[in-house]
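Visitor: I would like to learn how to read a model like this one. Could you walk me through it?

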Amino acid sequence: KILNQIHFIMAGNRTFTMIKPHAVADNHIGGITAMIEAAGFRIVAMKKTQLSAAQAGKFYEVHKERPFYGELCEMMSSGPIVPMILEKDNAVADFRALIGATNPANAEEGTIRKKYAKSMGENAIHGSDSDENAAIEGAFFFASIEQY
Ligand code: GDP
Ligand code: MG
């Protein structure tokens, strides 16, 4: 019951993100987290880790029928990533606006993908698409005692 109440209070205030391997390899952790904080998000949890191909497959399971699924899992497990839980009013929608379009060719000026994405696949950063997925994805990487 208490957990449900906490979840209700937090709904809409948190999202999940990860900096993708190419952006970590190119030393853009600082540049990207600076843009995130400048946009008013508070970093609740953050670490550097690496997914196995099987773990990437589980994270992106919703895309398993898409033609790019194999490439996506290979790319996401190719090197270290930086997952984060972020907090802000209207977090999910505001963060999707901050990262920009999936295809960097369509990403607006001032977005993270406009600055750091290289291609449709290597598009620098993930952003949850709903409150429900933000909670699921955050819990995939972080225990409750890692979220402050
Ligand atoms: P997002 O929510 O903007 O990240 O986009 P999607 O949920 O549609 O796709 C998840 C991720 O799969 C994207 O961020 C890309 O890294 C990758 N992706 C999506 N579409 C394509 C594609 O057409 N080709 C390749 N190679 N990767 C893609
Ligand atoms: Mg998505």
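**Reading a helix and its surroundings**

Guide: Gladly; let us begin with packing: the buried residues of α8 pack against β1 (14–19), β3 (82–87) and α6 (91–99). Contact here means that two C-beta atoms, placed from the backbone, lie within 7 Å. Helices (H or I, at least four residues) and strands (E, at least two) are DSSP runs, numbered from the N terminus. This is a predicted model, in which local features need pLDDT of at least 70 and side-chain atom pairs count only at pLDDT 80 or more, while totals for chains, interfaces and linings use all residues. Residues are numbered from 1 along each chain as its sequence is written, and chains are lettered from A and ligands numbered from 1 in the order in which they are written.

Visitor: Which residues of helix α8 are buried?

Guide: A residue is buried if 20 or more other C-beta atoms lie within 10 Å of its own, exposed if 12 or fewer, and partly exposed in between. In α8 (residues 131–141), the buried ones are A134, E137, G138 and F141. Because they cover an arc of only 100 degrees around the axis, they sit on the same side of α8. That arc is taken from the directions from the helix axis to the C-beta atoms.

Visitor: How many helices and strands does the protein chain have?

Guide: There are eight helices and four strands, and along the sequence they follow the pattern α-β-α-α-β-α-α-β-α-α-β-α. The radius of gyration is 15 Å, close to the 15 Å that the globule rule gives for 148 residues, so the chain is as compact as a globular protein of that length. The radius is taken over C-alpha atoms, and the rule is 2.2 Å times the number of residues to the power 0.38. Along the principal axes, the C-alpha trace spans about 45 × 35 × 25 Å. Buried residues make up 32% of the 148 residues. Of the contacts with a separation of 6 or more, 70% join residues 24 or more positions apart.

Visitor: What surrounds ligand 1?

Guide: A residue counts as near a molecule if its C-beta atom, placed from the backbone, lies within 6 Å of it. For ligand 1 the shell is H63, F68, E71, L72, T102, M120, G121, N123, H126 and D129. These residues divide into three nonpolar, five polar and two charged. In that scheme Ala, Val, Leu, Ile, Met, Phe, Trp, Tyr, Cys and Pro are nonpolar, Asp, Glu, Lys and Arg are charged, and the others, Gly among them, are polar.

Visitor: Which residues does the UniProt annotation "binding site" cover?

Guide: UniProt annotations may be inferred rather than shown by experiment; positions follow the numbering used here, and feature names are shortened. The unreviewed entry's "binding site" covers K20, F68, R96, T102, R113 and N123. R113 lies in helix α7 (residues 112–116) and is buried, with 23 other C-beta atoms within 10 Å. N123, in the loop between α7 and β4 (125–127), counts as buried with 22 C-beta neighbours inside 10 Å. Not counting residues up to four places away in sequence, N123 touches T102, P104, R113 and A117.

Visitor: Where is H126 found, and is it buried or exposed?

Guide: H126 is in strand β4 and is buried, with 21 other C-beta atoms within 10 Å. The unreviewed UniProt entry annotates H126 as "active site". Leaving out residues up to four places away in sequence, H126 touches T17, M18 and K20.
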